[in-house]
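The sequence and model are shown first.

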Amino acid sequence: MFRKILIANRGEIAIRIIRTCREMGIRTVAIYSEPDVESLHVRMADEAVCVGPAASAHSYLKIDTVVAAAKELNAEAIHPGYGFLAESAEFARAVNAAGLVFIGPSPEAMEIMGSKTSARRAAVAAGVPIVPGTVEPLVSFDEASATAEKFGYPVMLKAAAGGGGKGMRLVAQSSDLRSAFETAQAEAAAAFGDSSLYLEKAVERPRHIEIQIFGDQHGNLVHLGERECSIQRRHQKVIEECPSPINDPDLRRRMGEEAVKIGRAVNYTGAGTVEFLFSDATHDFYFLEMNTRLQVEHPVTELVTGRDLVREQFRVATGERLSFTQEDIDWHGHAIECRIYAEDPANNFFPSPGTITHLREPAGPGVRIDSGVTRLSEVSIHYDPMIAKLAVWGRSRDEAIDRLKRALDEYEVSGITTTLSFFREVVKDEEFVSGQLDTGFITRFNERRAAREVETNQVESDLATIAAALSYALQRQRAAAGQTSTVNSRWKMEGRSARLRSQGSQGSQGRKQ
């Protein structure tokens with residue numbers, strides 16, 4: 001086993017890796033940019049080295065600097081985490097060329113699956129169904145137009161070189177295609193340095209379901225079941241579950257077998273995730289893409305299978321066989337994860353950087369927090385705004401939801417705006433509770449919330465009108481009662497005076513007599 005590794009990442013994933021390293025007796029080296037000098041992952045690692053200024057291009061993405069740091073501090077391997085250089089074949093080659101071990105798949109597998117078009121070709125060759133569309137990058141707008149007409153609208157334009165929602169546009173009709181094509185090209189070029197696009201027939205209201213796979217250097221390849229990742233904003237996941245609320249063992253088996261086929265097609269080693277689009281209407285599923293790294297949402301798979309995927313990554317990277325076979329994998333209970341972002345959900349999830357002035361994280365049975373921050377941590381504008389992941393486990397999905405509600409209520413963060421308020425509403429939503437999920441969930445959720453607000457405002461307006469009318473009627477009633485009281489009082493006073501006058505007159509007559 002390794003004696004020392006460098007973690008080419010930051011935040012919660014760096015801390016997640018450090019924790020398994022401590023259990024395994026592996027020393028860790030953290031890298032950090034200048035503004036990250038006080039970050040939690042830097043304090044938790046055994047050693048740390050600065051790799052540059054705030055900009056990722058000059059620090060976390062600087063391949064030669066990161067490799068040199070590993071060599072200088074005598075690390076034997078590099079774990080890339082996810083994001084940054086995790087899916088860079090160039091980085092993996094540089095690590096290997098320096099005589100170090102890259103904890104991940106081969107550069108060749110990363111290159112094939114890193115391009116969405118070559119990944120689609122690999123899926124076709126393996127006999128795995130793909131969403132109807134192109135398997136080569138589009139060469140022009142005219143080709144895009146002809147292809148869209150061939151498959152029929154709506155269609156989806158996607159960046160060939162990347163993911164995460166960058167360079168992706170849904171096109172509902174031909175009149176929108178040119179604008180979407182040009183915008184997607186520009187966005188893809190800015191995000192990935194490659195403006196290539198491909199086109200797919202849009203699957204309406206699909207579920208986004210992914211399969212976790214794991215391979216070793218001895219040809220063993222297994223899957224660890226599915227994760228439901230349909231709740232997304234801007235094509236990026238915010239809530240994940242294992243298993244999917246569909247919870248169909250036969251579907252899990254079939255999707256798992258197809259995912260393993262993809263892995264075998266590229267001689268995959270280590271942790272990887274094969275993503276599918278699934279149609280509730282037909283129960284058909286289509287290969288979407290493959291992520292050649294550990295996923296953000298891996299905790300839900302760990303909670304349900306009881307397997308430490310990071311520990312397994314280390315074992316496989318040192319040449320050991322997988323510690324389990326397909327028959328050894330069991331799924332117990334249900335896990336749900338919320339990605340806690342420093343974003344304002346009321347303002348289209350706009351980033352909310354700043355200093356965390358107060359932090360209370362939930363705890364208790366079945367609750368797991370993978371966090372990269374503490375009180376007084378600075379959430380930078382330079383990096384991804386995710387500050388933590390809240391994952392819960394229950395014996396059933398209903399129990400997991402109840403536990404998630406409790407954990408969200410316990411979670412307190414001040415100084416920045418987070419997505420906690422959004423999750424507190426989602427877990428009470430009827431569609432979520434019933435498991436009616438697809439990639440359009442958040443859009444419909446926001447529409448339902450807006451409708452409720454309109455209804456609430458209307459009710460409040462109606463109540464205000466009724467209250468005003470009642471107040472006016474009461475005032476009139478009191479005014480009328482006041483007038484009557486005045487008349488009655490005058491009548492009584494006149495009567496009293498008349499009696500007094502009468503009594504006075506009788507008295508005078510008596511005295512005269």
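## Pairing around strand E21

In this predicted model, strand E19, formed by residues 367–371, pairs with strand E21 through five bridges, and the two run in the antiparallel sense. Within this pairing, Ser371 stands opposite Ala388 of E21. Strand E21 also pairs with strand E14, which spans residues 334–341; here eight bridges join the two strands, again in an antiparallel arrangement. Cys338 has Leu390 of E21 as its bridge partner.

Strand E21 itself covers residues 386–394 and is mostly shielded, with eight of its nine residues buried. Pairing of this kind rests on backbone hydrogen bonds, which may link strands in a parallel or an antiparallel manner.

Helix H6 comprises residues 116–126, and its buried residues are Lys116, Thr117, Ser118, Ala119, Arg120, Ala122 and Ala123. These buried residues pack against several elements: helix H5 (107–114), strand E6, strand E8 (197–201), helix H9 and strand E13 (285–291). In an α-helix there are 3.6 residues a turn, so residues three or four places apart point the same way. Gly127 follows H6 and has a positive phi, near 80°.

Is Lys116 buried or exposed? Lys116 counts as buried because its relative accessibility is 7%, where the cut-off for a buried residue is under 20%. Lys116 belongs to helix H6. With neighbours within four places in sequence set aside, Lys116 is in contact with Ala159, Ala160, Gly162, Gly163, Tyr198 and Glu289.

## Cis peptide bonds

Tyr153 and Pro154 are joined by a cis peptide bond with an omega of about 5°. Pro154 is located in the loop that runs between helix H7 (141–151) and strand E6 (155–159).

Another cis peptide bond links Cys242 and Pro243, with omega at about -5°. The loop containing Pro243 lies between strand E11 (236–242) and helix H9 (249–265).

Arg234 is a residue other than glycine with a positive phi, near 50°. Its position is in the loop between strand E10 (221–233) and E11. What is the relative accessible area of Arg234? The value is 40%, and Arg234 is therefore partly exposed.

Leu376, likewise not a glycine, has a positive phi near 80°. Leu376 occupies the loop between E19 and strand E20 (378–379). With a relative accessible area of 53%, Leu376 is exposed, since the cut-off for an exposed residue is over 50%.

## Overall dimensions and composition

The secondary structure of the protein chain amounts to 15 helices and 22 strands. The radius of gyration of the chain is 33 Å, whereas a compact globule of 513 residues would have a value near 24 Å. Along the principal axes, the C-alpha atoms fill a box of roughly 145 × 60 × 45 Å.

Of the 513 residues, 49% count as buried. Among contacts with a separation of 6 or more, residues 24 or more positions apart account for 65%.

## Surface and charge

The chain carries 61 positive and 70 negative side chains. The centres of these two sets lie 10 Å apart.

How values were computed. Residues are numbered from 1 along each chain as its sequence is written. Side-chain values use heavy atoms; hydrogens and water are left out. Helices (H or I, at least four residues) and strands (E, at least two) are DSSP runs, numbered from the N terminus. The radius of gyration is taken over C-alpha atoms; the globule rule is 2.2 Å times the number of residues to the power 0.38. Buried means under 20% relative accessible area, exposed over 50%, partly exposed in between (1.4 Å probe, protein chains only). Contact means heavy atoms within 4.5 Å. Lys and Arg count as positive and Asp and Glu as negative; His and the chain ends are not counted. The place of a charge is taken as NZ of Lys, CZ of Arg, CG of Asp or CD of Glu. Two strands pair if DSSP finds at least two bridges between them.
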